[in-house]
Amino acid sequence: MENREKELLRNYGEVKSEIDRAAEKAGRKPDEIQLVAVSKFHPASDVEILFKAGHRVFGESYVQEAVAKSEELSALDIEWHFIGGLQSKKAKYVAGNFSLVHSVDSSKLAGLLNKKAVALGVKQNILLQVNSAGEEQKSGVSEKMLQNLAEEVMEFEGLELQGLMCLPPFFGDSESSRPYFRRLRELKEKLEKDLGISLPHLSMGMTDDYVSAIEEGATMVRIGTRIFGKRPV
Ligand SMILES: *Cc1c(COP(=O)(O)O)cnc(C)c1O
């Protein structure tokens, strides 16, 4: 086996068993938690290695890179997720090309994704990204505007609201992120109750904090560095 293949398979195996362990410790079923392998900045050949090992769900953050990689790997039945900040002018490249868009945070963006999805005759699954720390420069809808945005999204026939996503401030350790994860779960439960809907997904937790995210109810963890190694900056 090539070195890269060995390294990726070892990291992947370790992450999978850590996820299982965290789930069991939290009294949850391991198969309730989906691993989104975040392959941004890493080559299509890395994705191919994990695909051959049975993994299907990959996340990308940059439209151009994501589209190029998915075209290169179009023969493989990969479930691509878009997880990065999305500019309005790029919405048309995303709708219909990703199984799930994690980062919808404005009615303008939702409207553009909807328009394209309707034109294509598809339903685009989305999550609403919440800026739960209220950080000025971060993307994400404020807690205050969340219900409004959810109600708007529910009116769009081209969009299917699946849940919430968050990206807490960077701390580098799992415990510091926990209050944000707990808050996201509370917001999801409140939306479900107030709007009378069911939201299956909570996308939260990355390399440094996925264990506490799982303990707080994550159904999707987005993990890059822990699997693929450091990204070139
Ligand atoms: C890059 C990225 C990740 C993965 O981060 P790691 O710390 O490398 O696991 C997860 N979510 C989003 C939104 C990202 O942009």
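Among contacts in the protein between residues at least 6 apart in sequence, what share joins residues at least 24 apart? The share comes to 59%, where a contact means heavy atoms within 4.5 Å. The model is a predicted one, so to speak of local features takes a pLDDT of at least 70, side-chain atom pairs count only at pLDDT 80 or more, and totals for chains, interfaces and linings use all residues. Residues are numbered from 1 along each chain as its sequence is written, and side-chain values use heavy atoms, with hydrogens and water left out.

Now for the overall build. The secondary structure comes to 9 helices and 8 strands; these are DSSP runs numbered from the N terminus, with helices being H or I over at least four residues and strands being E over at least two. Along the principal axes, the C-alpha atoms fill a box of roughly 50 × 40 × 30 Å. The radius of gyration is 17 Å, which agrees with the value near 17 Å that a compact globule of 233 residues would have. That radius is taken over C-alpha atoms, and the globule rule is 2.2 Å times the number of residues to the power 0.38. Of the 233 residues, 48% are buried. Here buried means under 20% relative accessible area, exposed means over 50%, and partly exposed is in between (1.4 Å probe, protein chains only).

Next comes the inside. In soluble globular proteins, nonpolar side chains tend to be buried together. In this model, the largest nonpolar core has 59 residues, and I19, L113, L128, L164, V221 and I227 touch the most other members. Helix α1 (residues 3–25) gives the most to this core, with 6 residues. A second, separate core of 6 residues includes V57, L127, M165 and M220. A nonpolar core, for the record, is a set of buried Ala, Val, Leu, Ile, Met, Phe, Trp, Tyr and Cys residues joined through side-chain atoms within 4.5 Å.

Leaving aside neighbours within four places in sequence, I227 is in contact with L8, N11, V15, L35, A37 and L50. L128 sits in strand β5 and is buried, with a relative accessible area of 0%. Not counting residues up to four places away in sequence, L128 touches H102, V104, L146, L149, A150, V153, L161, G163, L164 and M165. L128 and V101 are 27 residues apart in sequence, yet their C-alpha atoms are 8.6 Å apart in space.

V153, at a relative accessible area of 0%, is buried. Beyond its neighbours within four places in sequence, V153 is in contact with A110, I126, L128, L159 and L161. From V153 to V101 it is 52 residues in sequence and 13 Å in space, C-alpha to C-alpha.

N114 lies in helix α5 and counts as buried at 11% relative accessibility. Leaving aside neighbours within four places in sequence, N114 is in contact with F156, E157, G158 and L159. N131 is in the loop between β5 and α6 and is also buried, with a relative accessible area of 11%. Apart from residues up to four places away in sequence, N131 touches K138, S139, G140 and V141.

The largest pocket has a volume of about 870 Å³. Of the 37 residues that line this pocket, K40, S61, L167, M206 and R231 are the closest to its centre. By class, the lining has 16 nonpolar, 12 polar and 9 charged residues; Ala, Val, Leu, Ile, Met, Phe, Trp, Tyr, Cys and Pro count as nonpolar, Asp, Glu, Lys and Arg as charged, and the others, Gly among them, as polar. A search of the whole structure also finds 1 cavity of 30 Å³ or more. The residues lining the largest cavity include N131, along with Q129, K138 and L167. On a 1 Å grid over the protein atoms alone, a cavity is a set of points where a 1.4 Å probe fits but cannot get out, and a pocket is an open set with protein on both sides within 12 Å along at least five of seven lines; lining residues have an atom within 4 Å of a point. Points are joined across faces, edges and corners, and a volume is the space filled by probe spheres set on them.
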